[in-house]
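Here are my notes on the model, as numbered points. Please read them with the coordinates open.

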Amino acid sequence: MTLGFFEVAAGLVVLGLAVYYYFTSNMDFWSSRGVKGPKPVLLFGTTRDLVFGRMSIAQHTTLTYEAFQGQPLVGLFTNQKPILMVRDPELIKDVLIKDFSVFSYRGLPIASKAEPLSQHLFLLEPKRWRPLRQKLSPTFTSGKLKDMFYLLRECAEHLGSFLEDFVEKNPVIECRELAGKFTTDVIGVCAFGLNMNAIAEDDSKFRKIARKPFDSSTLSLMKNYLRFAAPWLMDLLSPIFYDRELNDFFIGTITQTMEYRKKSNVKRNDFIDLLMAIKDDPSKLNDIELTDTLLAAQAFVFFIAGFETSSSTISHTLYELAQNQPIQDKLREEIVEGLKSHNGELTYESVKSMKYLHKIFCETLRKYPPLSVLQRCSLEPYTFAGTKVTIPENTLLWIPAHAIQHDPENYPEPEKFDPDRFEEENVKHRHPSLYLPFGDGPRNCIGARFGIYQTKVGLIQILKSYKVEVCAETCIPYVVDPKKFLLTPLDGIKLKFRKVVDK
């Protein structure tokens, strides 16, 4: 029997209504709970500008945060999926620390076929995250850092030699690239016992690989969207999304390094040795299958996080110091005096003694937190203290670190670079959840201590010998790249380096 025009049209209308109902049936999720928020639109919820790369997540969440002043909680949507922005510092503390067991999952799905290296500590579900975190934590103690500090110093010396030659040819330097080369070498040597040669080589393979996860091409934007909205579809389309160069290179490098060390009985007490020890003694790992890929994924996240976040902080610090010469001069005096008091040696203790450097480091991360938003996911129904708001299991939470750290109520004149915000007294009187560059609670950044020293060593090496200044190519004011997940300047950071004449 042939369907007539009326039957076909009616069928399409019913189908359209069904689709419309599917995408709009949940739109009262927050209003029914008494939570205010921006009005969602069909298909995109409240995140349309994020999906199309018109706005970075830092810009998006900061605008929303500012629009709902006084609200402890703000309701958002991505597609039809509800997300709760948590603004109140006491509620943030509850989520990250007090009630951590309810929020121990980041809620970021893993497409293990399309992206096998995504099975790392940052993304893993609690079942695998908890035992692996416990096993990996010994790598990042202060004792371990002291033991490998000589390697940090060697990388700093390579950086100094590179600058000596480069500045003579061209004093204007792209600081993100310079810092990225330095941190790539540091991570390579300290964590994996590999000489990356990123400072000396323009086409370092490791630098090329390290850039890939932060690519902002159309394919990458599509991957980011699917990774969040439909990881099953990414796995289904894994022949398209699988990055053979990235996966084969990194998994191959880590596997070969472990095999070589085992065969040659080489021991360096670094991250690779720890992975080998875990593989040889997988006790207390809750029957987790320790494949070479899973182990390589842990090395991978340490590598990309270690090089990107620290290089970003180094370049952002130089950017601010170039615009604030009195602060730069005061810091240089501290660096010179600090090195003098340790016989001119760059040591763990000399870095630790530089209090003004630490305040500058903290203020840089206040103004430019690499991770603009912390995400958590509820593992069970939860009612927020002092409210009537109850969320069901599997509700996503966003903690807007960038917005919180740019709120004038928390930090007066937030666009001003002021290291004195981190005087001991000022810190003491500020709620700890108003400063979150490393997260907080049990699932904070495992490599924070390493990242802090890596960044400070790079800054000391540069500033003890060079004054950094703005030039015609310096982009002022700062413009955020809307397509990047991590906070990134649109056109890089170019500054003029001038050799400091010894007095």
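1. Contact here means heavy atoms within 4.5 Å. Leaving aside neighbours within four places in sequence, threonine 364 is in contact with Thr313, His316, Thr317 and Phe417. Threonine 364 sits in helix H18 (residues 355-367). Helices (H or I, at least four residues) and strands (E, at least two) are DSSP runs, numbered from the N terminus.

2. The basis of the values comes next. This is a predicted model: local features need pLDDT of at least 70, side-chain atom pairs count only at pLDDT 80 or more, and totals for chains, interfaces and linings use all residues. Residues are numbered from 1 along each chain as its sequence is written, and side-chain values use heavy atoms, with hydrogens and water left out.

3. Is threonine 364 buried or exposed? Threonine 364 counts as buried, at 0% relative accessibility. The classes are buried under 20% relative accessible area, exposed over 50%, and partly exposed in between (1.4 Å probe, protein chains only). A polar atom of the threonine 364 side chain lies 2.9 Å from the backbone oxygen of isoleucine 360.

4. Now the cysteines. A disulfide is a pair of cysteine sulfur atoms within 2.5 Å. By this rule the count is zero. For cysteine 190, the closest cysteine sulfur is in cysteine 155, at 5.7 Å, too far for a bond. Cysteine 190 is buried, with a relative accessible area of 2%. For cysteine 445, the closest cysteine sulfur is in cysteine 362, at 14 Å, again too far for a bond. Cysteine 445 is partly exposed, at 36% relative accessibility.

5. Two strands pair if DSSP finds at least two bridges between them. Three bridges join S3 to strand S9 (residues 494-499). Isoleucine 173 has leucine 495 as its bridge partner in S9. Axes are lines fitted to C-alpha atoms, for helices over the stretch in contact; angles run from 0 to 180 degrees between N-to-C directions.

6. An open sheet of four strands runs S1-S2-S7-S4, with mixed pairing. Its edge strands, S1 (73-78) and S4 (374-377), each pair on one side only. The twist averages 30 degrees from one strand to the next. Strand S2 (residues 81-86) and strand S7 (residues 396-399) run parallel, joined by three bridges.

Key: A polar contact is a pair of N or O atoms within 3.5 Å; within protein, one must be able to donate a hydrogen and the other to accept it, and residues adjacent in sequence count only if both atoms are side-chain atoms.
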